[in-house]
Amino acid sequence: MNFVIPDFYPAAAELFVVAMSFVILLAGTFSKQPRNVAYALSQLTLIGAAAITLFTMDGQVSFTFSNMYVDDLMGDFLKLILYFAVAIALLYSRSYMHERKIETTEYYVLVIFATLGMMVMITANHFLTIYLGLELLSLASYAMVALLRDSARATEAAMKYFVLGSLASGLLLYGISMLYGAAGTLEISGVAQAIYQQAGNKTVLMFGLVFIVAGLAFKLGVVPFHMWIPDVYHGAPTSITLFIASAPKLAAFAMAMRLLVNGLFEFAEQWQSMLMVLAVLSIVLGNLAAIAQSNLKRMLGYSGISHMGFMLLGLVSGVVGGDRHFALNAYSSAMFYVVSYVLTSLASFGVLLLLSRAGFEAETLDDFKGLNKRNSWFAGVMAMVMFSMAGIPFFVGFFAKFSVLQAVVAAGYIWIAILAVVMSLIGAYYYLRVVKVMFFDEPLDATPLTAPADMRVLLSLNGIAIAGLGLVPQGLMSLCAYSLLGSL
Amino acid sequence: MTGIPFLSLAIWVPIVGGLLALASGSDRNASVARFLALFFALAGLAVSIPLYTGFDVTTSAMQFVEAYPWIPRFNINYVLGVDGISVLFVLLNSFITVIVVVAGWEVIQEKVAQYMAAFLIMSGLINGIFSALDGVLFYVFFEASLIPLFIIIGVWGGANRVYAAIKFFLYTLAGSLLMLIALLYLFMESGGSFNILDWHQLKLGMDVQSLIFLAFLVSFAVKVPMFPVHTWLPDAHVEAPTGGSIVLAAIALKLGAYGFLRFALPIAPDASHAFAPLIITLSLIAVIYIGFIALVQTDMKKLVAYSSISHMGFVTLGFFIFNPLGVEGAIVQMISHGFVSAAMFASIGVLYDRMHSRQIADYGGVVNVMPKFAALFMLFAMANSGLPATSGFVGEFMVALGAVKFNFWIGFGAATTLILGAAYTLWMYKRVVFGAVANHHVAELTDINNREFVFLAILAVCVLAMGIYPFPVTEVMHASVNELLKHVAVSKL
């Protein structure tokens, strides 16, 4: 067998990030000011990766590393959003991490490794590559949750995350092994072809599918595989929660697209019905459980569960009839949903970080009391985030819900659409409660906000983006649709 | 699409003004916010006036149409236009905004910029609702207008404001979410159009029409509000600050009724006929039963709130008897109610600012200390009870006449409002204004100042003018109402 030197060009961004992660590790170790150097280098890594991704983007679908790796528009687009989200998360977290003395080189290296893991997940064309990326992301995330090692809550959260996460990885791997047994290959298009030619034992394939869906559901955090979300969101340092609650959702969306839509499309009817149940359960349970929370991190965790359920609804609606235009519409609505969710999620945890300071964690509803009297602008930003999450126009969350609901209605699931809107009405209640405490109540705590200027500016821009994209959503919507065009 | 885009101006001038007022910042320079707000409210009114003067009364077609693509991916367009029905509400809304800004001038001392901004932004959004011809555009304005009112009730409202604000928001949101599903369904049925006028022409089966009608009914009935889903209104009214009550009664209540005319009737005409008995029954219950409830209120604002529900029952009744008198009367009633309820709440606000009480029992003999106020309040009370030569009479008379034509007993039931309305309004007036001075608080009251006199007098002029010579209003709507009724009479099956 000849050894062919693979084409590195499509994977240039990933290779760059790998190289930079070593640089950061070394520079952090030998520098006199490790935190500044590591921070600057991390941001540089993200900017560099973005530049490379932009530069190598050619609209073609190209494979490399013996077809284990694919470079297409969907991947490029998601990766660009990913760099953006991670960069914002790093900036928001900085002073919070510093005040808690955990802004170490290792933190930055872990973030960069996690980013790399997500990049691999996004661009994988092989079940094992996906698994590899997933593990890289997961291991880095477990460690990040435990960064605050003296905090019992954080270590407990990390432990839970680790145990449940390993279980999910195990399920996924088990499913993959069954697929391999039945299809004889793990390359995504190969599996699709094998199933199409009805090779392999259907029962085994079906078992594999069930395990894969379970593993995927865990990563997305949808009911009934959601148990880790509230505890991890609550227990982890807020900056880490911010990270876990934003960028990985993009990767999980990509994973769902690659595994289910590209790989197992022949079984669409089966996974569609499974995901439908998961989506409906998530929307119902996420919204109902969020009402009972007085801790905002937990509340946002449950609300995230319901948002992922909504996203799945979009994904599920794409399969009816096999019409390509129709499918594109549904998948791009799901993608638009996940991108806008990441944007609002970043802002919501950003405000939590803004209100926190050394020795004080802003995380309960009481901490938000009277924010309008303390700082009207950021109260306004938080209100925009909440209204956006509740799906009230003119904010981006409305159009996210709108496009998903449109796909759901177009697929003929009117009753599911009605259930979804009824549940978002319930959701509106707990989002409104946050607005209520900010605007209608008296402040319990009159300490001025101490966040650095760069964070304030970026958070303001984040809020403006939520409103701006709500006024003109067309651009982002078409980008989502356009980038998916080549991957169906 | 020629010349100046007046409709866009009517929407965006107040919104931009609101954002500027918001940016003008803290309470230290509150007067900046006040004058900015007044300037932009007047500017908003000024750009709305050409809509009336330039209006062609001979046609029922949409006028001042503006159309630009907004979200081409879903074929959503920024399409604006007014017909003889909606143009009146745009004007009313721009006018009421000025009144509200003046009414809140000295009364609001806390977060003035935010208060003024909320009203201006809401005014722009509501103009958007009345002039949107695209389903999604309508919906977006419809929902977004909840936010400012929610904030207004919650921040500047009375003791139980939080409960009232959240109840208001969730009730109305519950209604409109079902409408969203109906809009999406119509989008599909029409082969990918969100244009409301396209939907008017869309053929639909009876089952589909019924479901769509019910979705719209839930949404608009909450907003009107109609009988079983009216309970949010008294709470919201009582707790809202004066300005909030004025806008809520004068404008926000008209949105639901307008929705019936723009969506439910023309899109699902057969279902509208089929459900008409239900609506008429609910309307009569609102007129009579809620009228009795108003009679026993001890809180002035609550009394006027219930009287609003009863008056709005008249409006829905007028729509669903499907004759020109009924529909035109209902629209006249809506406009008139806009003036009268605004004036009633403004008057109660004047009293409340001085006494900090809304209880009828705390007053008595106000006429002795506030004669100018008592005279104006008298006029508004008369208008609220439908006295001839006030605007309240015209609409009620037309609807009652239409109802008698339709069915004598329905007309009879509706006409009881003339008795009930007089009973609850005038009895309240008597207890508050007449008699001996009740206590030393009342004795210390000062009569209205110039600012209060100006806005009450303007409202009084409007009430009288419309009562004596309603032709300018009916003339404008005539062609559109006839066209609507012709359209509704044709089955879509």
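Predicted model: local features only at pLDDT ≥ 70, side-chain atom pairs only at ≥ 80, totals over all residues.
A residue is termed buried when its relative accessible area is under 20%, exposed when over 50% and partly exposed in between (1.4 Å probe, protein chains only). Residues are numbered from 1 along each chain, chains are lettered from A, and side-chain values rest on heavy atoms, without hydrogens and water.

Helices are DSSP runs of H or I with at least four residues, numbered from the N terminus. In chain A, helix α14 (residues 324-355) comprises 32 residues. From its first C-alpha to its last, helix α14 of chain A reaches 47 Å, close to the 46 Å expected at 1.5 Å a residue; the expected span is 1.5 Å times one less than the number of residues. Of the 32 residues of α14(A), 30 are buried, and the helix is thus mostly covered.

Rings of Phe, Tyr and Trp (its six-membered ring) are paired if their centres lie within 6.5 Å, with planes under 30 degrees apart counted as stacked, over 60 as edge-to-face and the rest as tilted. B:Phe138 and B:Phe263 form a tilted pair, because their ring centres are 4.6 Å apart and their planes stand at 55 degrees. B:Phe138 belongs to helix α5 (residues 135-144) of chain B and B:Phe263 to helix α11 (residues 242-267) of chain B, so the pair ties together parts 125 residues apart in sequence. B:Phe138 is buried, at 0% relative accessibility, and B:Phe263 is likewise buried, with a relative accessible area of 0%. B:Phe263 also pairs with B:Phe216, at 5.3 Å between centres and 40 degrees between planes, so this pair too is tilted. B:Phe216 lies in helix α9 (residues 206-223) of chain B, 47 residues from B:Phe263, and both residues are buried. One aromatic cluster in chain B includes B:Phe138, B:Phe216 and B:Phe263, together with B:Phe142 and B:Phe320 among others.

Charges over rings were also identified, the criterion being NZ of Lys or CZ of Arg within 6 Å of the ring centre and within 35 degrees of the ring normal. A:Arg94 lies over the face of A:Tyr39, at 4.2 Å from the ring centre. In chain B, B:Arg73 is placed over the face of B:Phe74, at 4.9 Å from the ring centre.

Note on methods: Helix = DSSP H or I, 4+ residues; strand = E, 2+ residues; numbered from the N terminus.
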